[in-house]
Amino acid sequence: MFSYFYKNIQVISYTFFKYFELALTALLMLVLADKIGPDEMGNSIGSLLYITYSSYLALGMNTLIVKNYKREINKIRFLTSNLQFLFFIGLFNFGLTFFIFDSTIFLYIALISIANLLRNFFISYYRAINKTWVLNINNIFLSSFLLISTFFLVDYWNDYLLIWAIFASASLILFVFFDMLMFKEILKELLKLPNFIKLLGSFKEGAKLAFLSGVGTIFLTNDRFLINYLDISDTIKGSYQFADNMS
């Protein structure tokens with residue numbers, strides 16, 4: 001029995017801390033709902049839908065890191081090309097949020113969605129090199145500070161978007177901290193032009209993966225699209241969003 005646990009300690013610890021993170025997130029949703037109320041929760045649907053779907057702007061490039069990293073000869077160039085693509089997508093995302101959302105919240109939503117794109121890049125990298133404990137630490141950091149800040153600082157949905165943007169951005173610095181040597185090397189390569197032929201091949205492969213994943217997300221979120229556009233009160237919308245968050 002001891003040898004079994006020893007051989008699988010990484011999987012066991014990752015699973016344990018993943019459930020701890022989920023418990024923190026569930027508590028966060030309860031605190032958030034209590035602090036802002038159903039009307040404000042109803043206002044969150046559009047923002048959350050955009051943040052959810054904005055992850056697909058990466059077109060599966062982050063997924064390719066997990067799939068192809070170990071067989072790449074020039075790993076730094078491979079990661080750098082993916083990161084350069086994400087920076088370009090981040091600029092596009094910023095412009096998109098500017099035209100879609102009100103001026104009072106567009107910056108928060110842009111920062112959150114860009115931070116999530118970059119977080120997925122780091123998550124894919126640390127999965128590829130089998131450092132899942134870094135993911136545990138980072139996710140618990142984000143969930144914990146969101147929970148504490150929500151309890152003390154949040155009264156409206158916009159308040160929550162602000163602290164989410166701050167801590168999601170801070171979590172990126174934490175990701176870099178755990179492999180500074182690698183990311184220093186990537187930083188040196190950032191201003192070099194990527195191999196566009198290879199990048200195009202990655203883009204085609206990643207787009208297929210993103211499409212397959214996106215179909216599932218559409219099925220899981222189309223109810224919120226309908227709820228958001230129905231002529232019903234924000235209170236009912238907020239109650240539905242709360243139930244969706246908890247589920």
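Student: What does the accessible surface of the chain come to, and what percentage of it belongs to carbon and sulfur atoms? After that, please look closely at how helix α4 packs with helix α5.

Tutor: This is a predicted model, in which local features need pLDDT of at least 70 and side-chain atom pairs count only at pLDDT 80 or more, while totals for chains, interfaces and linings use all residues. Residues are numbered from 1 along each chain as its sequence is written, and side-chain values use heavy atoms, leaving out hydrogens and water.

The accessible surface of the chain comes to about 13,900 Å², and 71% of this area belongs to carbon and sulfur atoms (Shrake-Rupley method, 1.4 Å probe). Of the 247 residues in the chain, 43% are buried, where buried means under 20% relative accessible area, exposed over 50%, and partly exposed in between. The chain has 10 helices and zero strands, taken as DSSP runs (H or I, at least four residues, for helices; E, at least two, for strands).

Now to your pair: α4 covers residues 75–100 and α5 covers residues 106–128, and they pack at an angle of about 160° with their axes 9 Å apart, the axes being lines fitted to C-alpha atoms and the angles running from 0 to 180 degrees between N-to-C directions. That angle makes α4 roughly antiparallel to α5, since angles under 35 degrees count as roughly parallel, over 145 as roughly antiparallel, 65 to 115 as roughly perpendicular and the rest as oblique. The crossing of α4 with α5 is right-handed, meaning that the near helix is turned clockwise from the far one by less than a right angle.

Among the residues that meet across this pair are L83, F87 and F94 in α4, and I114, L118 and F121 in α5, a contact meaning heavy atoms within 4.5 Å. By class, the contact of α4 with α5 holds 16 nonpolar, five polar and no charged residues (Ala, Val, Leu, Ile, Met, Phe, Trp, Tyr, Cys and Pro are nonpolar, Asp, Glu, Lys and Arg charged, and the others, Gly among them, polar).

T80 also lies in α4, and this residue counts as buried because its relative accessibility is 0%; leaving aside residues up to four places away in sequence, T80 touches I186, E189 and L190. Beyond α5, in the loop between α5 and α6, sits N130, which has a positive phi of about 60° although it is not a glycine, and which is partly exposed at a relative accessible area of 43%.

Notes. Buried means under 20% relative accessible area, exposed over 50%, partly exposed in between (1.4 Å probe, protein chains only).
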